[in-house]
Amino acid sequence: MTHGVLPFDLSTVAAPMVNQSDLPFRILVRRYKTSLVYTQMLLPERLLNDQEYLEFHTKGLRDYSDTPVVVQLCGNDPETVVKAARKVVGNADAIDLNLGCPQEAARDGHYGGYLLDKKDWPLVESVVSALSNALPVPVSAKLRLCQNTPTTPDLGARLEAAGAAWLTLHARHVSARRRRQGAADLAQVRALKERVAVPVVSNGNVRVWEDVGTNAAETGADGVMVGEALLANPCLFAGITPDPVTIALEYVEICRAYPGTATIQTVQTHVRHFVDHQCGRRPWYSKFRAALGRCGSLDEIETLLRVKVQRWRGLTPLVSDDVPPAVINAVGSDNERGNTEASGAVPDEEGLDETFAALALAD
């Protein structure tokens, strides 16, 4: 697809994150002023050779609640990457080539951030060009800084010439040992923006809403991408900090509406991030993590949040159709509990485990 005006808004973007860019999370962040979302990085070989992998990652992809969405791929073989892209392009508003993954698997497979060496630039250009010429949707690239930092805008210009409709720069160097090495060098985002004509999205140095404006002002970028800070606060782009239990329950409810699109491990990780953001230093947090790890279903996670976490916070448990008063009362009354938030004491673990078991049997 040739360059032109993009059919979506790049201003506030949710980054692709391994096992965390699931459909329910993408829907959740959209509700709070995220304009564009990415899937996690998908492996072309598995899309082509593993039907279960393909079906899992395309289930619900780009339905009415999940658009616009960018599908991110990796790889170093133009033919293979294009074949994989054709498998998913019907469920994508754009395709992105990952040129920033720092994981050891990327180093061993020679993809992601390990294609930034100048000797690999022709190969990267050929992949972007093949995708751009073969697909009916825009193609982009997300990259990190080249090891020779000042050459990064040169690579960006070559990617633009190869057909990239926009570029995203995570302004840190690749390191397999350390995911992040200091602050992102936002001056390099500005240098890239001044070099190319296509839109540029800046990734890095955002922890709170105010950082979004600071990043945009420093870089002149057309948009700001956020990753880990959105895991902690999916409402970041809306400039609000939600109650951790309320936002976790909202996410769980989306998971119910889209069954089979997030593993229980993914759900547990998201819920842990939500609670950790505001409660990670509370005396009961380690108990929460242990209890969450024992949950084997959405029902158990919901009950943990509505009953146990609320009591630990010194708040009234939240009743719902799935967690009726009888279940709440089974855990113990407020008078029996005492002020757990102040004391650091926790309700009886065994009693709640029995409650979870009862709920499981009821299913």
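These questions and answers go through a predicted model of one chain.

Me: How many helices and strands does the chain have?
Reply: The chain has 363 residues, and 55% of them are buried. Its secondary structure comes to 18 helices and eight strands.

Me: Among contacts with a separation of 6 or more, what share joins residues 24 or more positions apart?
Reply: The count takes contacts in the chain with a separation of 6 or more. Residues 24 or more positions apart account for a share of 69%.

Me: Where on helix α9 do its buried residues fall: on one face or around the helix?
Reply: Helix α9 covers residues 209-219, and V212, N215 and T219 are buried there. Seen down the axis, these buried residues fall within an arc of 70 degrees, so they line one face.

Me: Which exposed residues sit on the face of α9 turned away from its buried side?
Reply: The buried residues of α9 are V212, N215 and T219. The face turned away from that side carries the exposed residues E210 and A217.

Me: Which elements do the buried residues of α9 pack against?
Reply: One partner is a helix, and the others are strands. They are α8 (186-195), β7 (200-203) and β8 (223-226).

Me: Which residue just after α9 takes a positive phi?
Reply: Helix α9 ends at residue 219. Just after α9, phi is about 70 degrees, and the residue is G220.

Me: Is R207 buried or exposed?
Reply: R207 is found in the loop between β7 and α9. Its relative accessibility is 64%. The cut-off for exposed is over 50%. R207 therefore counts as exposed.

Me: What is the C-alpha to C-alpha distance between R207 and N233?
Reply: In sequence, R207 and N233 are 26 residues apart. In space, the C-alpha to C-alpha distance is 9.2 Å.

Me: How do α6 and α7 run relative to each other?
Reply: The axes of α6 (residues 121-134) and α7 (residues 152-162) come within 8 Å. They cross at roughly 30 degrees, and the crossing is right-handed. Angles under 35 degrees count as roughly parallel, so α6 and α7 are roughly parallel.

Me: How do the residues in the contact of α6 with α7 divide by class?
Reply: From α6 come W121, P122, V124, E125, V128, S129 and S132. From α7 come D154, L155, R158, L159 and A162. The contact of α6 with α7 divides into seven nonpolar, two polar and three charged residues.

Me: What is the orientation of α1 to α11?
Reply: Helix α1 (residues 23-30) and helix α11 (residues 244-257) pack with their axes 9 Å apart. Their angle is about 130 degrees, and the crossing is right-handed. The angle makes α1 oblique to α11.

Me: Which classes of residue make up the contact of α1 with α11?
Reply: α1 brings P24, F25, I27 and L28. α11 brings I247, E250, Y251, I254 and C255. The contact of α1 with α11 has eight nonpolar, no polar and one charged residues.

Me: What is the form of the peptide bond from T67 to P68?
Reply: P68 lies in the loop between α3 (51-58) and β3 (69-73). Most peptide bonds are trans. The bond from T67 to P68 has omega near 5 degrees and is cis.

Me: What is the phi of R62?
Reply: R62 is found in the loop between α3 and β3. It is partly exposed, with a relative accessible area of 36%. R62 is not a glycine, yet its phi is positive, about 65 degrees.

Methods:
Residues numbered from 1 in each chain as written. Predicted model: local features only at pLDDT ≥ 70, side-chain atom pairs only at ≥ 80, totals over all residues. Heavy atoms only, no water. Buried < 20%, exposed > 50% of the residue type's maximum accessible area, 1.4 Å probe, protein only. Helix = DSSP H or I, 4+ residues; strand = E, 2+ residues; numbered from the N terminus. Arc of directions from axis to C-beta. Contact = heavy atoms within 4.5 Å. Axes fitted to C-alpha atoms, helices over the stretch in contact; angles between N-to-C directions. Parallel < 35°, antiparallel > 145°, perpendicular 65-115°, else oblique. Left-handed = near helix turned anticlockwise from the far one by under 90°. Nonpolar A, V, L, I, M, F, W, Y, C, P; charged D, E, K, R; others polar.
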